[in-house]
Amino acid sequence: MKKFKFPMRYVPISATILVFFIVYLIGIISFENFGSPKVFIDLFVDNAYLGIAAIGTALVILTGGIDLSVGSIIAFTSILIAKMIATGSNALVAIALALVIGILFGMLQGWLIHCFSLPPFLVTLAGMFFIRGCGFIVSEESIGIKNDPVFNFIQNDLTIRLGKGMNIRFIVIVYIIVLIAAIFFSQRTRSGRSIYAIGDNELAATLMGIPVGRTKIMTYTIAGFCSALAGVVYAVYLKAGNPLNCVGLEMDAIAAVVIGGTLLTGGVGYVFGSLFGVLVLGLIQTLIVFDGRINSWWTRIIVGLLVLAFIFMQNLITKISKAKSKSQ
Amino acid sequence: MDLLQTKGIEKQFLGVKALKGVDFAVKAGEIHALMGENGAGKSTLIKIITGVYPASAGSVYFNGKECKFRSPLDAEHAGISTVYQEVNLLPDLSVAENICIGREPRTKLGFIDKKERKVQARKALARLDIDINVGENLSSYSIAIQQLVAIARALDVDCKLLILDEPTSSLDENEVKELFKVMKKLREEGMAIIFITHFLDQVYEVSDRITILRDGQLVGSYEAKDLPRIEMVAKMIGKTPDEINQMQAGIVKNTKFGDTVYEAKNIGRVGTISPVDISIREGEQLGLAGLLGSGRSEIAQIIFGVDPHDSGTMTMCGKSVNFNSPQKAVKAKVALIAEDRKVTGIIPDLTIRENIMLALQASKGIWKTMTLKQQEEMAEKYIKLLRIKTPSGEQLIKHLSGGNQQKVLIARWLATNPKLLILDEPTRGIDVGAKAEIEALTQQLCGEGMAVIFISSELEEVVRDCDRVIVLRDRKKVGEVAGADISLKNVMKLIAG
Amino acid sequence: MNKSSNKFRHLVWPLVSLALLLLFNAIFTDNFFKIEVKKQDSAQAVQTPSVPTESPQPGTSWITPENYETVSDSTETAAQTVKDSAGQQAVPEKKDGKGVSIFGYYLYGTPIDILNQGSKVMVLAIGMTLVIATGGIDISVGAVMAIAGAIAALLISMLDAGNCIGAGMGPSVYWIIPVIAALVLATLAGFWNGMLVAGFGIQPMVATLVLMVAGRGVAQLITDGQIITFDNPGLVFLCNGHALFLPFSVWIVIAMYVIACLLTRKTAFGLFIESVGNNERASRYAGIEARRIKWLTYVICGFCAGVAGLLAASNIKCADSNNAGLYLELDAILATVIGGTSMAGGRFFLSGSLVGAILIQTLTTTMYMKNVSPAIVAVPKAMVVIIVCLLQSPVFRAKVLSIFASKAAKGGVQ
């Protein structure tokens, strides 16, 4: 009889999903309304922008790199759109421009990183400073988006109504579409698999004929796009743009990716995991809001501990599989 | 008809000629062993054939056409695949992905067809008579299986010439048998295989022809059945059997030694070296002889505490010790000048002076430092003593030639005044003059009471300088000669078996 | 011989850049180099801007351009220029009377201000240099600064209220207790980081990420979410006082630098750090305890973060857990890299890191004096990062050289 061996590769993401359910359970047990569908939907609505950003971050981390410019791109995008609308531009043009800038900016970072062998940490750090500053050049103060027909349409009409007051808002639809696209991309396309190969063993990937440079630049470009899209979603969510927003968001994205089961060294993990990483972050925040007694800063501490726990777990799994292959 | 042919291949690196006109040919449907000691030029030749870098002169012909490969990928497209010693694959991806990556079968929509990919992978493995779960991560399989996956990948890209670079280094007996089964099957199907190895037994078990390189030149290509082992060993070290017979049995050897400095009983490490006894006395120069890969360096690393040992005990000056880290060994006055100085020896961006005083300082700790003057004097002393070619002790060590770097490392360890000094290939890559200096130096140190373990592939050196020689083959101790019994002929007989 | 020129080579580019920047200021900025000698007027009290008690969200701040000069936590790139949630304007303070001074006289002017404000990054850079030299990195120092400031502010307010051991010692003495507590806590944080990196072998970026994420939460836990203000003269003196004409913070930097130099150059510690960073495996073969060396560097970096945290809190006379040290880890890394220490590890240059920190601060202050919003300062900062990285990249240098070589060849052929 063949014994069913639970594949090692699914352990981290299973742990993430388990944590998600456990935290949810704790919430349901502790608070009356926690189990209501509204709470679940709000989770998605409040964290859609982080989720989209985390998708781009996950892909970059899978190649073994890192992207620190995420939060700043979101802030820049949101204020750019708000300013353009406030000065009379068509909202769709503004959104399109923002996305194009995100793509080009990501491509620039990827090009610098690959062609000059610069450390991704430093390049995206510079990118973060640069684009954050550009946001302030656009406007030093927040700008609201009021009375714009396109935005009103998006917010009010582009919603799937499920009755009983439950609505799937547009930004959630966008997130889910991007997530599904990213999952397909990473699992079912040659470029997606190349990302994993590069993160796992870049030298081997080169010897095996994988176009490392092209793939790396493409990954950072996608990350730039995701950050810009997240900025669009954020502007819709807040109905405003603010150059100060999302300070430190890149760290939240990275935490979500790590908690989602992706190794920071690359090559291991699932984009799907980032969904649960973001949801876990959102759940913890929701729990704390529900319980008026616990203060908001516990979020940071708990997230930090979760990141630590997952890092240790990944370390352990790596050691176990190394020992297994040696003993065979 | 020759599948692969090289004519007059030369390769020059910054004034050093690694290959001097090599004519080498491999036929389809044969297993061809490529042998040679360090510096023979094996890896350089293979790198030229597989496109890692171009030849300085000469040409490579594959399938009758002249080829100028610009990268290993080029060579792979032409039909030459290499399986490396460290199996350069993707450990955290599945077996199927490793075999198919970059060429995955796609559905009509353009997405990867996962089922087809598994089928493709299984087909490739079936050609090797292997059936494993291709959905599992590569890392969950043993090195032996991983190598076979690498070979399967090579088959999947339509490989005609397969190069196996030291494939058996990490395999046990059964796994080696499996690998040979696979190699023979491929040979029947018409594949040409270049087999690089140091294991003499294995060469004869599976090869049709043997090519020997020495000092960048071709010694010859022979049918395996026509080449007796002792002749092969002789050709590898550069002596004819007649010359060996005619050589006088040794210089007068010293037989008066002091107390036992170091003794190891039954020291071994699974997969690395079979349990062996070693002991050495004050003033004695003990040689470890054998071909490359026979386990000499591995013993040195176990003695020095770099690698742990699975069995056996050791004593140092009578006291029981357990060196499980270099720090412990250094504190007990053991010193090792290891083989690969780039990786384990030099600190490239530090000066010569700093490199020299490093081990001594490490044994003293952080607080007890030497004044700059003392360090400079120490550096001066050794620069003079070992004739290190440098304008000053403040030069960065990375700017020195290999031989001079080696001298700095020797200086580093001499400065610690060790009781036991282990030298692993100390004269490799050093000019003739410097070699003689180092030989004389070790003799002098022994005369002063130091115990020296001398590891070298230059059997002549070992025979000439050592008071006792332990002979190793294929990671086992196969014999020991001492005093008047030490001769090139005797040692080689033991190596060849 | 070669020795002396090699010793200072790493300082050339940073000093040249600094000189250019100062030249620019000399020409285009009024009163940049105007340094006055002021006398401490004992009758003038130290005024504190009014501060809301709730710590606002990170990124928003009650610091406005008007009160910036009095409060001047100037390296906060994203935290400036927004009125706080209640719309309160901070009380603008006159330029005189910045704290107590010894001897009653002190120097006053923009260059002095640069040194004073840059003191935090300079102290951070000292610890960061050692960590980077071993091939590691510590991105948690900003969060550790927040923790240090938080514990100091908490303890001093408890002592002020008489609720804590040592309150009997009197306000002019018991400020020692919060300082020691802050330093101890920060050093423990460094020990924690060292344990993860050297003890468990976790990648440095990953390991210090944990404290970076959780640290500010811990700081807020300590202060219970409030911004705790204090006016204890001892604590305030750290960043606002003067001694021998210079701000006391500068003396702290000098002391830290001297101690660091003694520790690394008068013992074998510095040599071992460089060896481990350059070739860890060979260092082990030479008998160096690489793990211990790496662990120690993280401990020292934590300690430095503690000192910087005290300076930051002292500067604004309160502990703001969300904004204290925000992004300062990045400035410290940048200062280290500008100063000549490679991110790959190996040779390190403490003097270079100090110059790098001064360069960054001068850039920031120059921008402020040109009325450029503090956040926009980030743009030239980013370009400096990229330029430094490119200059350090061998690939870039090779490509540039080959361009010049082909041009020269073209010229030669004619």
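Mentor: Two strands count as paired if DSSP finds at least two bridges between them. The model discussed here is a predicted one.

Trainee: Which residue stands opposite Tyr262(B) in S14(B)?

Mentor: Strand S11 (residues 260-269) of chain B and strand S14 (residues 311-316) of chain B run antiparallel and are joined by five bridges. Across this pairing, the residue of S14(B) that stands opposite Tyr262(B) is Met316(B).

Trainee: Which strands are the edge strands of the open sheet of six strands in chain B?

Mentor: The order of that sheet is S16-S17-S18-S13-S19-S20 (chain B), with mixed pairing. Neighbouring strands in it are turned by 15 degrees against each other on average, direction ignored. The strands that pair on one side only are S16 (334-337) and S20 (476-482) of chain B.

Trainee: Which residue of S18(B) stands opposite Leu286(B)?

Mentor: Strands of a sheet may pair in either a parallel or an antiparallel way. Strand S13 (residues 285-289) and strand S18 (residues 451-455) of chain B pair in the parallel sense, over four bridges. Opposite Leu286(B) stands Ile453(B).

Trainee: Which strands of chain B does helix H18 lie across?

Mentor: Helix H18 spans residues 488-496 of chain B and runs at about 25 degrees to S19(B). The strands that H18 of chain B lies across are S13, S19 (468-473) and S20.

Trainee: How many nonpolar residues does the contact of H7(A) with H12(A) have?

Mentor: Helix H7 (residues 170-188) and helix H12 (residues 271-290) of chain A pack at about 145 degrees, and their axes are 8 Å apart. Leu179(A), Ala182(A), Ile183(A) and Ser186(A) in H7(A) meet Val271(A), Phe272(A) and Leu275(A) in H12(A). By class there is one polar residue and no charged residue, and the nonpolar ones number six.

Trainee: Which helix gives the largest share of the side of chain C that touches chain A?

Mentor: This contact takes 40 residues from chain C and 41 from chain A. Helices H7 (204-223), H15 (378-392) and H16 (394-413) of chain C each supply at least two residues of the chain C side. That side divides into 28 nonpolar, ten polar and two charged residues. The largest share, 13 residues, comes from H7(C).

Trainee: How many charged residues are on the side of chain C that touches chain B?

Mentor: Here 21 residues of chain C are in contact with 23 residues of chain B. Helices H1 (2-8), H10 (269-278) and H11 (280-285) of chain C are the elements that give two or more residues to the chain C side. Seven residues of that side are nonpolar and eight are polar, while the charged ones number six.

Trainee: What percentage of the residues in chain C is buried?

Mentor: Chain C has 16 helices and six strands. Of its contacts with a separation of 6 or more, 80% are between residues 24 or more positions apart. Among the 414 residues in chain C, the buried part is 54%.

Conventions
Residues are numbered from 1 along each chain as its sequence is written. Chains are lettered from A and ligands numbered from 1 in the order in which they are written. This is a predicted model: local features need pLDDT of at least 70, side-chain atom pairs count only at pLDDT 80 or more; totals for chains, interfaces and linings use all residues. Two residues are in contact if their C-beta atoms, placed from the backbone, lie within 7 Å. Ala, Val, Leu, Ile, Met, Phe, Trp, Tyr, Cys and Pro count as nonpolar, Asp, Glu, Lys and Arg as charged, and the others, Gly among them, as polar. Axes are lines fitted to C-alpha atoms, for helices over the stretch in contact, and angles run from 0 to 180 degrees between N-to-C directions. A residue is buried if 20 or more other C-beta atoms lie within 10 Å of its own, exposed if 12 or fewer, and partly exposed in between; C-beta atoms are placed from the backbone.
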